[in-house]
Amino acid sequence: MLRIAVPNKGSLSGPASAMLHEAGYQQRKESKELVLVDPENEVEFFYLRPRDIAIYVSSGKLDIGITGRDLLIDSGANAEEILPLGFARSTFRFAAKPGTAQGIDDLAGRTVATSYEGIVAKHLADSGIDASVIHLDGAVETAIELGVAQVIADVVETGTSLRNAGLEVFGDPIMKSEAVVIRRTGAEADDPKVQQFLRRLQGVLVARTYVMMDYDCRAEHLEQAVALTPGLESPTISPLHNEGWVAVRSMVPTKDAQRVMDDLYAIGARAILTTAIHACRL
Ligand SMILES: Nc1ncnc2c1ncn2[C@@H]1O[C@H](COP(=O)(O)OP(=O)(O)OP(=O)(O)O)[C@@H](O)[C@H]1O
Ligand SMILES: O=P(O)(O)OC[C@H]1O[C@H](OP(=O)(O)OP(=O)(O)O)[C@H](O)[C@@H]1O
Ligand SMILES: [Mg+2]
(Lines give C-alpha, C1' and ligand atoms only; values in the text may rest on other atoms or scores of the structure.)
(Ligands and ions follow the chains in the order given, each with its own letter.)
Protein backbone atom coordinates (compact mmCIF):
# COMPACT_ATOMS: atom_id res chain seq x y z
CA MET A 1 0.00 0.00 0.00
CA LEU A 2 1.17 3.50 -0.82
CA ARG A 3 1.17 5.64 2.35
CA ILE A 4 0.26 9.27 1.69
CA ALA A 5 0.22 12.28 4.05
CA VAL A 6 -2.65 14.72 3.47
CA PRO A 7 -3.14 18.10 5.26
CA ASN A 8 -5.85 17.80 7.93
CA LYS A 9 -6.51 21.56 8.44
CA GLY A 10 -5.99 25.02 7.00
CA SER A 11 -5.81 26.35 3.44
CA LEU A 12 -4.33 23.15 1.98
CA SER A 13 -6.75 20.66 3.46
CA GLY A 14 -9.99 21.18 1.46
CA PRO A 15 -8.37 21.61 -1.98
CA ALA A 16 -6.00 18.65 -1.40
CA SER A 17 -8.87 16.30 -0.54
CA ALA A 18 -10.91 17.66 -3.47
CA MET A 19 -8.05 16.93 -5.87
CA LEU A 20 -7.56 13.41 -4.50
CA HIS A 21 -11.29 12.77 -4.81
CA GLU A 22 -11.20 14.01 -8.42
CA ALA A 23 -8.31 11.62 -9.04
CA GLY A 24 -10.57 8.74 -8.02
CA TYR A 25 -9.41 8.18 -4.43
CA GLN A 26 -11.67 7.79 -1.43
CA GLN A 27 -11.44 10.67 1.02
CA ARG A 28 -12.53 10.96 4.63
CA LYS A 29 -16.12 11.98 5.32
CA GLU A 30 -15.44 13.57 8.69
CA SER A 31 -12.74 16.08 9.60
CA LYS A 32 -11.84 14.07 12.73
CA GLU A 33 -10.79 10.93 10.82
CA LEU A 34 -7.03 10.46 11.12
CA VAL A 35 -6.44 7.56 8.72
CA LEU A 36 -8.38 6.30 5.72
CA VAL A 37 -7.62 3.08 3.88
CA ASP A 38 -8.65 2.91 0.22
CA PRO A 39 -8.15 -0.80 -0.53
CA GLU A 40 -9.36 -0.62 -4.12
CA ASN A 41 -6.64 1.87 -5.01
CA GLU A 42 -4.12 0.31 -2.60
CA VAL A 43 -3.43 3.55 -0.76
CA GLU A 44 -3.61 4.65 2.85
CA PHE A 45 -4.15 8.34 3.66
CA PHE A 46 -2.84 9.88 6.89
CA TYR A 47 -4.43 13.23 7.78
CA LEU A 48 -1.69 15.25 9.46
CA ARG A 49 -0.88 18.83 10.40
CA PRO A 50 0.47 20.52 7.24
CA ARG A 51 3.60 21.61 9.09
CA ASP A 52 4.41 18.03 10.14
CA ILE A 53 4.02 16.41 6.73
CA ALA A 54 7.58 16.97 5.46
CA ILE A 55 8.92 15.51 8.71
CA TYR A 56 6.86 12.32 8.37
CA VAL A 57 7.82 11.93 4.72
CA SER A 58 11.52 12.55 5.39
CA SER A 59 11.44 9.83 8.07
CA GLY A 60 10.52 7.31 5.37
CA LYS A 61 7.45 6.10 7.32
CA LEU A 62 5.18 7.66 4.72
CA ASP A 63 5.95 7.43 0.99
CA ILE A 64 4.68 10.80 -0.18
CA GLY A 65 2.79 13.82 1.09
CA ILE A 66 0.94 16.93 0.02
CA THR A 67 2.10 20.14 1.69
CA GLY A 68 3.04 23.75 0.89
CA ARG A 69 6.41 24.52 -0.72
CA ASP A 70 6.98 27.13 2.00
CA LEU A 71 6.27 24.58 4.75
CA LEU A 72 8.63 22.08 3.11
CA ILE A 73 11.47 24.60 2.94
CA ASP A 74 10.77 25.96 6.40
CA SER A 75 10.93 22.47 7.93
CA GLY A 76 14.45 21.86 6.62
CA ALA A 77 13.37 18.19 6.34
CA ASN A 78 15.11 15.76 4.03
CA ALA A 79 12.28 15.78 1.48
CA GLU A 80 11.89 17.14 -2.06
CA GLU A 81 9.13 18.51 -4.25
CA ILE A 82 8.08 16.20 -7.12
CA LEU A 83 4.87 17.78 -8.48
CA PRO A 84 3.41 21.30 -8.08
CA LEU A 85 -0.38 21.19 -7.67
CA GLY A 86 -1.48 24.73 -8.54
CA PHE A 87 -3.58 25.52 -5.44
CA ALA A 88 -2.86 27.39 -2.17
CA ARG A 89 -0.73 29.79 -4.18
CA SER A 90 0.84 32.53 -2.12
CA THR A 91 3.93 34.68 -1.77
CA PHE A 92 6.00 35.01 1.36
CA ARG A 93 6.89 38.60 2.15
CA PHE A 94 8.19 41.09 4.66
CA ALA A 95 5.71 43.74 5.83
CA ALA A 96 5.81 46.69 8.22
CA LYS A 97 4.04 49.97 9.01
CA PRO A 98 4.18 52.23 5.93
CA GLY A 99 7.37 54.26 5.76
CA THR A 100 9.27 52.23 8.36
CA ALA A 101 11.22 49.93 6.00
CA GLN A 102 12.05 49.98 2.29
CA GLY A 103 14.26 46.96 1.82
CA ILE A 104 15.96 44.10 3.57
CA ASP A 105 18.89 46.30 4.63
CA ASP A 106 16.51 48.17 6.95
CA LEU A 107 16.04 44.99 9.01
CA ALA A 108 19.48 45.13 10.65
CA GLY A 109 19.08 45.23 14.43
CA ARG A 110 15.30 44.85 14.24
CA THR A 111 12.97 42.01 15.26
CA VAL A 112 10.99 40.04 12.66
CA ALA A 113 7.93 38.04 13.79
CA THR A 114 6.96 35.01 11.71
CA SER A 115 5.52 31.48 11.76
CA TYR A 116 8.23 30.50 9.25
CA GLU A 117 11.42 30.93 11.25
CA GLY A 118 13.43 28.56 9.05
CA ILE A 119 12.77 30.49 5.84
CA VAL A 120 13.30 33.88 7.45
CA ALA A 121 16.51 33.02 9.34
CA LYS A 122 18.03 31.54 6.17
CA HIS A 123 16.97 34.48 4.02
CA LEU A 124 18.47 36.96 6.49
CA ALA A 125 21.68 34.95 6.79
CA ASP A 126 21.98 34.64 2.96
CA SER A 127 21.55 38.42 2.72
CA GLY A 128 24.10 39.05 5.49
CA ILE A 129 21.56 40.84 7.72
CA ASP A 130 21.80 40.57 11.48
CA ALA A 131 18.21 40.71 12.78
CA SER A 132 16.30 38.84 15.50
CA VAL A 133 13.54 36.42 14.55
CA ILE A 134 10.67 35.70 16.92
CA HIS A 135 8.40 32.72 16.31
CA LEU A 136 4.62 33.13 16.54
CA ASP A 137 2.06 30.46 15.64
CA GLY A 138 -0.29 32.69 13.67
CA ALA A 139 -2.00 36.09 13.39
CA VAL A 140 1.51 37.54 13.13
CA GLU A 141 0.14 40.80 11.67
CA THR A 142 -0.84 41.81 15.20
CA ALA A 143 2.75 41.50 16.49
CA ILE A 144 3.62 44.98 15.23
CA GLU A 145 0.64 46.75 16.82
CA LEU A 146 1.45 45.04 20.13
CA GLY A 147 5.13 45.99 19.93
CA VAL A 148 6.51 42.43 19.83
CA ALA A 149 8.28 43.12 16.50
CA GLN A 150 8.83 45.99 14.04
CA VAL A 151 8.55 43.76 10.97
CA ILE A 152 6.68 40.56 10.07
CA ALA A 153 7.32 37.94 7.42
CA ASP A 154 4.15 36.11 6.41
CA VAL A 155 2.11 34.41 3.73
CA VAL A 156 0.34 36.93 1.46
CA GLU A 157 -2.41 35.97 -0.92
CA THR A 158 -4.90 38.80 -1.49
CA GLY A 159 -3.15 41.20 0.93
CA THR A 160 -6.37 41.69 2.90
CA SER A 161 -4.87 40.62 6.24
CA LEU A 162 -2.02 43.11 5.83
CA ARG A 163 -4.35 45.95 4.83
CA ASN A 164 -6.60 45.23 7.80
CA ALA A 165 -3.58 45.49 10.09
CA GLY A 166 -2.41 48.75 8.45
CA LEU A 167 0.76 47.12 7.10
CA GLU A 168 2.53 47.22 3.72
CA VAL A 169 4.84 44.74 2.03
CA PHE A 170 8.37 45.88 1.26
CA GLY A 171 11.40 44.44 -0.51
CA ASP A 172 11.43 41.54 -2.96
CA PRO A 173 9.18 38.52 -2.33
CA ILE A 174 11.09 35.99 -0.23
CA MET A 175 9.48 33.08 -2.06
CA LYS A 176 6.47 31.88 -4.03
CA SER A 177 4.56 28.92 -2.73
CA GLU A 178 1.83 26.52 -3.75
CA ALA A 179 0.72 23.04 -2.76
CA VAL A 180 3.22 20.39 -3.83
CA VAL A 181 3.66 16.62 -3.68
CA ILE A 182 6.82 15.68 -1.80
CA ARG A 183 8.85 12.53 -1.20
CA ARG A 184 11.95 11.68 0.80
CA THR A 185 15.07 13.05 -0.90
CA GLY A 186 16.71 10.31 -2.89
CA ALA A 187 13.72 7.92 -2.66
CA GLU A 188 13.41 5.45 -5.54
CA ALA A 189 12.37 7.64 -8.46
CA ASP A 190 10.49 5.08 -10.52
CA ASP A 191 8.43 3.33 -7.83
CA PRO A 192 5.43 2.25 -9.98
CA LYS A 193 2.89 3.01 -7.22
CA VAL A 194 4.22 6.56 -6.83
CA GLN A 195 4.31 7.03 -10.61
CA GLN A 196 0.68 5.92 -10.90
CA PHE A 197 -0.36 8.32 -8.13
CA LEU A 198 1.44 11.20 -9.86
CA ARG A 199 -0.14 10.32 -13.24
CA ARG A 200 -3.58 10.48 -11.65
CA LEU A 201 -2.91 13.92 -10.15
CA GLN A 202 -1.40 15.13 -13.43
CA GLY A 203 -4.60 13.95 -15.11
CA VAL A 204 -6.63 16.16 -12.76
CA LEU A 205 -4.32 19.13 -13.40
CA VAL A 206 -4.74 18.74 -17.17
CA ALA A 207 -8.50 18.26 -16.88
CA ARG A 208 -8.65 21.47 -14.84
CA THR A 209 -6.59 23.56 -17.24
CA TYR A 210 -7.63 22.31 -20.70
CA VAL A 211 -10.84 21.95 -22.70
CA MET A 212 -11.39 19.75 -25.75
CA MET A 213 -12.09 21.82 -28.86
CA ASP A 214 -13.82 20.48 -32.00
CA TYR A 215 -14.45 22.41 -35.19
CA ASP A 216 -14.87 22.06 -38.93
CA CYS A 217 -12.80 23.99 -41.43
CA ARG A 218 -11.95 24.07 -45.12
CA ALA A 219 -8.94 21.89 -45.97
CA GLU A 220 -7.10 24.90 -47.42
CA HIS A 221 -7.33 26.65 -44.00
CA LEU A 222 -6.15 23.63 -42.04
CA GLU A 223 -2.54 24.73 -41.53
CA GLN A 224 -3.65 28.13 -40.18
CA ALA A 225 -6.23 26.45 -37.94
CA VAL A 226 -3.79 23.89 -36.60
CA ALA A 227 -1.33 26.69 -35.78
CA LEU A 228 -4.05 28.13 -33.50
CA THR A 229 -4.83 24.75 -31.91
CA PRO A 230 -1.59 22.74 -31.91
CA GLY A 231 -2.80 20.60 -28.98
CA LEU A 232 -0.42 18.81 -26.65
CA GLU A 233 0.99 16.45 -29.24
CA SER A 234 -0.91 16.97 -32.49
CA PRO A 235 -4.58 17.57 -33.42
CA THR A 236 -6.77 14.77 -34.78
CA ILE A 237 -7.98 15.50 -38.33
CA SER A 238 -10.93 13.57 -39.80
CA PRO A 239 -12.51 13.91 -43.26
CA LEU A 240 -16.05 15.33 -43.45
CA HIS A 241 -18.72 14.06 -45.81
CA ASN A 242 -18.72 17.46 -47.52
CA GLU A 243 -15.76 17.45 -49.83
CA GLY A 244 -13.03 19.98 -49.06
CA TRP A 245 -13.89 20.14 -45.32
CA VAL A 246 -12.21 18.49 -42.35
CA ALA A 247 -13.04 18.11 -38.67
CA VAL A 248 -10.35 18.99 -36.15
CA ARG A 249 -10.11 17.92 -32.50
CA SER A 250 -7.50 19.39 -30.16
CA MET A 251 -6.86 20.25 -26.50
CA VAL A 252 -6.76 24.00 -25.77
CA PRO A 253 -5.87 25.80 -22.51
CA THR A 254 -9.17 26.84 -20.89
CA LYS A 255 -7.93 30.40 -20.36
CA ASP A 256 -7.32 30.81 -24.12
CA ALA A 257 -10.46 29.02 -25.34
CA GLN A 258 -12.63 32.08 -26.14
CA ARG A 259 -9.84 33.91 -27.98
CA VAL A 260 -8.97 30.79 -29.98
CA MET A 261 -12.65 30.33 -30.93
CA ASP A 262 -12.76 33.94 -32.19
CA ASP A 263 -9.56 33.45 -34.20
CA LEU A 264 -10.80 30.15 -35.67
CA TYR A 265 -14.10 31.74 -36.64
CA ALA A 266 -12.22 34.59 -38.32
CA ILE A 267 -10.37 32.14 -40.61
CA GLY A 268 -13.64 30.43 -41.59
CA ALA A 269 -13.88 27.55 -39.10
CA ARG A 270 -17.45 26.69 -38.07
CA ALA A 271 -19.30 24.46 -35.60
CA ILE A 272 -16.63 25.29 -33.01
CA LEU A 273 -17.41 23.47 -29.77
CA THR A 274 -15.61 23.11 -26.47
CA THR A 275 -16.24 20.35 -23.96
CA ALA A 276 -14.86 19.79 -20.47
CA ILE A 277 -12.28 17.07 -19.87
CA HIS A 278 -13.20 15.08 -16.78
CA ALA A 279 -10.08 12.96 -16.48
CA CYS A 280 -7.11 12.01 -18.60
CA ARG A 281 -3.77 10.23 -18.76
CA LEU A 282 -1.37 11.96 -21.06
N1 LIG B 1 -4.55 32.84 2.58
C2 LIG B 1 -3.84 31.90 1.99
N3 LIG B 1 -3.90 31.71 0.64
C4 LIG B 1 -3.19 30.74 0.04
N5 LIG B 1 -2.39 29.90 0.71
C6 LIG B 1 -2.30 30.05 2.03
C7 LIG B 1 -3.01 31.04 2.74
N8 LIG B 1 -2.72 30.94 4.05
C9 LIG B 1 -1.87 29.91 4.16
N10 LIG B 1 -1.61 29.38 2.95
C11 LIG B 1 -0.74 28.26 2.63
O12 LIG B 1 -1.15 27.17 3.44
C13 LIG B 1 -0.03 26.52 3.98
C14 LIG B 1 -0.06 26.66 5.47
O15 LIG B 1 -1.05 25.85 5.93
P16 LIG B 1 -1.44 25.92 7.47
O17 LIG B 1 -2.55 24.98 7.65
O18 LIG B 1 -0.24 25.82 8.32
O19 LIG B 1 -1.87 27.41 7.64
P20 LIG B 1 -3.22 28.10 7.33
O21 LIG B 1 -3.80 27.69 6.03
O22 LIG B 1 -2.87 29.51 7.50
O23 LIG B 1 -4.17 27.50 8.45
P24 LIG B 1 -4.33 27.91 9.97
O25 LIG B 1 -3.51 29.14 10.17
O26 LIG B 1 -5.78 28.15 10.08
O27 LIG B 1 -3.86 26.75 10.74
C28 LIG B 1 1.20 27.19 3.42
O29 LIG B 1 1.66 26.48 2.30
C30 LIG B 1 0.69 28.56 3.03
O31 LIG B 1 1.41 29.14 1.95
O1 LIG C 1 -3.29 37.93 1.93
P2 LIG C 1 -4.48 37.25 2.51
O3 LIG C 1 -5.49 36.82 1.47
O4 LIG C 1 -5.12 38.03 3.62
O5 LIG C 1 -3.99 35.85 3.11
C6 LIG C 1 -2.87 35.74 3.93
C7 LIG C 1 -3.24 35.43 5.35
O8 LIG C 1 -3.82 34.10 5.41
C9 LIG C 1 -3.14 33.35 6.40
O10 LIG C 1 -3.69 33.61 7.64
P11 LIG C 1 -4.79 32.71 8.38
O12 LIG C 1 -6.15 33.23 8.08
O13 LIG C 1 -4.55 31.30 8.09
O14 LIG C 1 -4.46 33.02 9.88
P15 LIG C 1 -3.09 32.82 10.66
O16 LIG C 1 -2.28 34.06 10.42
O17 LIG C 1 -3.48 32.68 12.09
O18 LIG C 1 -2.42 31.61 10.10
C19 LIG C 1 -1.75 33.94 6.38
O20 LIG C 1 -1.05 33.65 7.57
C21 LIG C 1 -2.00 35.42 6.21
O22 LIG C 1 -2.25 36.04 7.43
MG1 LIG D 1 -2.59 30.53 8.83
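**Notebook: a sheet and a ligand**

I started with the strands of this predicted model. Six of them form an open sheet in the order 2-3-1-4-11-5, and the pairing is mixed. As a reminder to myself, strands of a sheet pair through backbone hydrogen bonds, either parallel or antiparallel.

Which strands stand at the edges? I found strand 2 (35–38) and strand 5 (79–84) there; each has a single partner strand, so one side of each has no neighbour in the sheet.

Strand 1 (residues 2–7) and strand 4 (residues 64–68) run parallel and are joined by two bridges. I followed Ala5 across and landed on Gly65, its bridge partner in strand 4.

Then I asked what packs on the sheet. Helix 1 does, touching strand 1, strand 4 and strand 11 (179–184). Its direction makes about 135° with that of strand 1.

On to ligand 1. How many residues surround it? I got 15, and the closest are Gly10, Ser11, Gly68, Ser90 and Glu157. Helix 1 (10–22) and helix 3 (69–75) are the elements that give two or more residues to this shell. Helix 1 turns up again with the largest share, three residues. Sorted by class, I have five nonpolar, six polar and four charged residues around ligand 1.

Last entry: where does ligand 1 lie relative to the domains? Domain 1 (2–88 + 178–187) and domain 2 (90–175) both give residues to the shell, so ligand 1 lies between them.

Methods
Residues are numbered from 1 along each chain as its sequence is written. Chains are lettered from A and ligands numbered from 1 in the order in which they are written. This is a predicted model: local features need pLDDT of at least 70, side-chain atom pairs count only at pLDDT 80 or more; totals for chains, interfaces and linings use all residues. A residue is near a molecule or strand if its C-beta atom, placed from the backbone, lies within 6 Å of it. Helices (H or I, at least four residues) and strands (E, at least two) are DSSP runs, numbered from the N terminus. Ala, Val, Leu, Ile, Met, Phe, Trp, Tyr, Cys and Pro count as nonpolar, Asp, Glu, Lys and Arg as charged, and the others, Gly among them, as polar. Domain bounds come from an automatic or database domain assignment. Two strands pair if DSSP finds at least two bridges between them. Two residues are in contact if their C-beta atoms, placed from the backbone, lie within 7 Å. Axes are lines fitted to C-alpha atoms, for helices over the stretch in contact, and angles run from 0 to 180 degrees between N-to-C directions.
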